[in-house]
Amino acid sequence: MIVSPSLLAADFTCLNKEIDMINHSEADWLHLDIMDGVFVPNISFGFSVLDAIAPICTKPLDVHLMIVEPEKFTNRLAKLGASIMNVHYEACTHLHRVIQQIHDAGMKAAVTLNPSTPVCVLEDIIKDVDMVLLMTVNPGFGGQQFIEHSLDKVRMLKEMIERTGSHALIEVDGGVNARTAPLLAQAGVDVMVAGSYVFGAENPEERIKELKNLTV
Ligand code: DX5
Ligand code: ZN
């Protein structure tokens with residue numbers, strides 16, 4: 001399993017220490033949640049934090065933009081060294097163009113779906129994206145309860161990927177914990193984002209290892 005701990009649940013008074021933990025852990029990526037208070041009813045952190053983290057984090061940055069007009073920030077993210085740019089389907093009128101722009105800037109392109117957006121809307125873009133991020137809670141906050149219907153969505157997406165010959169990975173975000181992680185792995189998930197389950201633990205590295213060892 002590819003594991004992408006979400007910094008949203010970290011202790012912001014000691015980010016240096018938290019990044020150090022990630023660097024030494026078995027985490028594959030670091031998931032960074034950007035919010036604008038418009039697309040989602042919350043604001044997290046922005047470029048001043050990303051710029052500070054990028055040079056000290058040794059793991060690829062998996063940036064999740066919960067903002068309107070995410071394409072405005074493509075070049076800025078590429079410049080700071082982000083590996084993956086996740087944009088919401090619901091925030092992009094011209095999604096195909098945005099995906100192209102992300103690729104042209106040298107990053108992997110991922111499209112994110114809100115819980116109420118059906119998987120079938122991806123039918124005409126699935127072969128162009130590197131990853132699909134399925135929100136398994138409503139975006140905007142950490143520590144929410146997992147939406148059970150997400151398991152069906154993972155299975156539907158898996159079927160679409162196999163049928164079309166797409167190489168997209170399936171990532172899930174929200175409510176990943178000891179109960180839901182094995183169910184998600186069984187449904188066909190490739191990448192797990194985990195915020196509170198990792199950073200809220202006494203031993204975050206152990207939690208990362210536990211998720212890492214889940215087999216698809
Ligand atoms: C929520 C964010 C998530 C969040 C997940 O909008 O996209 O990445 O950090 O938090 P947990 O794992 O605590 O549900
Ligand atoms: Zn996220």
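Predicted model: local features only at pLDDT ≥ 70, side-chain atom pairs only at ≥ 80, totals over all residues.
Residues are numbered from 1 along each chain as its sequence is written, and chains are lettered from A and ligands numbered from 1 in the order in which they are written. Local features need pLDDT of at least 70, side-chain atom pairs count only at pLDDT 80 or more, and totals for chains, interfaces and linings use all residues, while side-chain values use heavy atoms, with hydrogens and water left out.

Helix 4 spans residues 95-104; helices (H or I, at least four residues) and strands (E, at least two) are DSSP runs, numbered from the N terminus. Its buried residues are Leu-95, Val-98, Ile-99 and Ile-102, where buried means under 20% relative accessible area, exposed over 50% and partly exposed in between (1.4 Å probe, protein chains only). These four residues lie on the same side of helix 4 because they cover an arc of only 100° around the axis, the arc being that of the directions from the helix axis to the C-beta atoms. An α-helix has 3.6 residues a turn, so residues three or four places apart point the same way. The buried residues of helix 4 pack against helix 3 (74-80), strand 4 (84-88) and strand 5 (108-113), contact being defined as heavy atoms within 4.5 Å. After helix 4 comes Gly-106, with a positive phi near 90°.

Ile-125 is located in the loop between strand 5 and strand 6 (131-135) and is buried, at a relative accessible area of 7%. Ile-125 and His-96 are 29 residues apart along the chain, and their C-alpha atoms are separated by 7.0 Å.

Two helix pairs were examined. The axes of helix 5 (residues 150-164) and helix 6 (residues 180-187) come within 9 Å and cross at roughly 20°; axes are lines fitted to C-alpha atoms, for helices over the stretch in contact, and angles run from 0 to 180 degrees between N-to-C directions. Helix 5 and helix 6 are therefore roughly parallel to each other (angles under 35 degrees count as roughly parallel, over 145 as roughly antiparallel, 65 to 115 as roughly perpendicular and the rest as oblique). On the helix 5 side, Leu-151, Val-154, Arg-155 and Lys-158 meet Leu-183, Leu-184 and Ala-187 of helix 6. By class, this contact has 5 nonpolar, no polar and 2 charged residues (Ala, Val, Leu, Ile, Met, Phe, Trp, Tyr, Cys and Pro count as nonpolar, Asp, Glu, Lys and Arg as charged, and the others, Gly among them, as polar).

For helix 1 (residues 15-24) and helix 8 (residues 204-212), the axes come within 10 Å and cross at roughly 40°. Met-21, Ile-22 and His-24 of helix 1 make the contact with Pro-204, Glu-205 and Ile-208 of helix 8. These residues divide into 4 nonpolar, 1 polar and 1 charged.

Two further loop residues complete the description. Leu-7, in the loop between strand 1 (2-5) and helix 1, is buried, with a relative accessible area of 0%. Beyond its neighbours within four places in sequence, Leu-7 contacts several residues, among them Phe-12, Leu-15, Ile-19, Phe-45 and Phe-199. Glu-69, in the loop between strand 3 (61-66) and helix 3, has a positive phi of about 50° although it is not a glycine. Glu-69 counts as partly exposed, at 39% relative accessibility.
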